[in-house]
Amino acid sequence: MIKILLIEDNPGDARLIQEYLCDLKNIEYNLHIADTLQKGIEVLDKEFIDIVLLDLKLPDNEGLTSVEQIFSVAPNIPVIVLTGLNDETTAINAVKMGAQDYLVKDKVESELLIRSIRYAIERKRSEEEHQKLMEQRIRSLAIIEAQENERRRISRELHDGLGQLLSAAKLNFGMIDFTNNSNKEKTNDIVKQVDTIISKAIIEARRIAHDLRPTTLDDFGLIPALRILCQEFSKITGIKVKFSVSPTLERIEPKVEIAIYRIIQESFNNISKYADASEVSLDLYRKENQVFVRVKDNGKGFDAESISKTKKAGGGFGLLNMKERAELIGGKVEIISSPGQGTELLLEINLDFFNNNNHQ
Ligand SMILES: Nc1ncnc2c1ncn2[C@@H]1O[C@H](COP(=O)(O)OP(=O)(O)OP(=O)(O)O)[C@@H](O)[C@H]1O
Ligand SMILES: [Mg+2]
C-alpha cells in the first residue's frame, strides 16, 4: 500500500492526477489531497506518507521554499515536483535540492506519472540502503582502527614495560662473574637486584594481562570488576568516584558484562583525558529485564551533538565504539553533554535480546 500526498490547490489538476492514479494497477494506494502547503505539512506530521506530489505554485507558498519546508518535516521523503510549462528551471533546481523527479503538468499522462512514482520510491529506497551501507563501513573501519590502536598500545607496553625489565634482568645477570668466587658479596647484590626486577616483571605481565581481559570480571562478575576499576581510576587520576548499584543485580550474560565494562572503561578514559572533572558518579541498576548504566562527570563537557553528527567522533573512535558495542548486545548509548555542563553517558540494555536471539 503506497500512501501518496498530493499538495495541489487547483481542483482541476487534482482531479486529473486522481484519474491518472486510477491506472495504478497491482498496487494499492491511498491518496491524501491538501490544497495548501500548511495543510500538506500537517498531513506529513500525522501520517506515514510514502511519496509527495508537490505543486510548486501554492496559495501560501511558491517555488523552492516549499520543497525546503517539506524536507524540514520529512527529510527522507521522495518528492515529485509538479510544475507549469514555463517553470522547468525551478523544477530542475528542486531536483538539485533533493526532489526525486519533476513532471510538467500539461505533459503529464497516466503512464508517466505512475512510472515516476514507482521510480521515485525505488530510488529513494536504494539511496537509503546505500547510506546504511556507508554507515556500516564507517563502523567497521572504526572497529579495525580501534583494534590496531589496542595492538599498538599492547605492543608498546610489552616493549617499554616488560621488555625493558627483562633486558635489565639479563644485563644484571650478565655481570655476574661465575669464574670468580672471591666477590660473593657483589654477586649476591646482583642476584637480589635481578630478583627485584623479575618480581616487577611479573606484576607488569599481570597488569597487561588484566587490561586485556580483567580476570575479576570472569571470576567474580561485573560489580566486583567495576569496583576495582573505580578504585584504580581514582588512585591514578585523583578523581573521586561514587559507585552505586542496585542490590538485585546478579550475574548476567557474559557478553553483556564485558560490553558494559568496556563502555564504562572508555568513558573513564575520556574523563581522565578531557573532562577536568573532580567527581564522577557511576550508577548501575536493573529493572525487570532492563539494565541501566549512568556515568556522570562534573567536568568541562563538550558539544556532543556536533561530534555525533560528524560520525567520526572528533578524531577518535571511543564514542563510536561504545555505540557499536551497545548495539551489538541490543542496547543503546546516549551521550548528553554541552560545554560547561559536564558529561553524562546513559546506557540501556534489554536482557531479553540475548534470551530471544540466543546468540552463540
Ligand atoms: N567526559 C568528557 N568530557 C569532555 N570531553 C569529552 C568527554 N568524553 C569525550 N569527550 C570529547 O569527545 C571527543 C571524542 O571522544 P572519543 O572517545 O570518541 O575519542 P578520543 O578519546 O579522542 O579518541 P579514542 O577514544 O579513539 O582514543 C574527545 O576528543 C573529547 O573532545
Ligand atoms: Mg576516547
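Q: How many helices and strands does the protein chain have?
A: This is a predicted model. In it, the protein chain comprises twelve helices and twelve strands.

Q: And what is its radius of gyration, next to that of a compact globule of 360 residues?
A: The protein chain has a radius of gyration of 32 Å, whereas a compact globule of 360 residues would have one near 21 Å. Along the principal axes, the C-alpha atoms fill a box of roughly 115 × 45 × 45 Å.

Q: What share of the residues is buried?
A: Of the 360 residues in the protein chain, 39% are buried. The accessible surface is about 21,500 Å², and carbon and sulfur atoms contribute 51% of that area.

Q: Which share of the contacts with a separation of 6 or more joins residues 24 or more positions apart?
A: Such pairs account for 66% of those contacts in the protein chain.

Q: Now charges: how many positive and negative side chains are there?
A: There are 48 positive and 57 negative side chains, and the centres of the two sets lie 8 Å apart.

Q: How many aromatic pairs does a search of the whole structure find?
A: The search finds two aromatic pairs. One of them joins Y285 and F292.

Q: Why is the pair of Y285 and F292 called stacked?
A: The ring centres of Y285 and F292 are 5.1 Å apart and their planes meet at 25 degrees. Planes under 30 degrees apart count as stacked, so this pair qualifies.

Q: Is Y285 buried, exposed or partly exposed?
A: Y285 counts as partly exposed because its relative accessibility is 41%, which falls between the limits of 20% and 50%.

Terms used
Residues are numbered from 1 along each chain as its sequence is written. Chains are lettered from A and ligands numbered from 1 in the order in which they are written. This is a predicted model: local features need pLDDT of at least 70, side-chain atom pairs count only at pLDDT 80 or more; totals for chains, interfaces and linings use all residues. Side-chain values use heavy atoms; hydrogens and water are left out. Helices (H or I, at least four residues) and strands (E, at least two) are DSSP runs, numbered from the N terminus. The radius of gyration is taken over C-alpha atoms; the globule rule is 2.2 Å times the number of residues to the power 0.38. Buried means under 20% relative accessible area, exposed over 50%, partly exposed in between (1.4 Å probe, protein chains only). Contact means heavy atoms within 4.5 Å. Accessible areas come from the Shrake-Rupley method with a 1.4 Å probe; for residues, only the protein chains shown count as cover. Lys and Arg count as positive and Asp and Glu as negative; His and the chain ends are not counted. The place of a charge is taken as NZ of Lys, CZ of Arg, CG of Asp or CD of Glu. Rings of Phe, Tyr and Trp (its six-membered ring) pair if their centres lie within 6.5 Å; planes under 30 degrees apart count as stacked, over 60 as edge-to-face and the rest as tilted.
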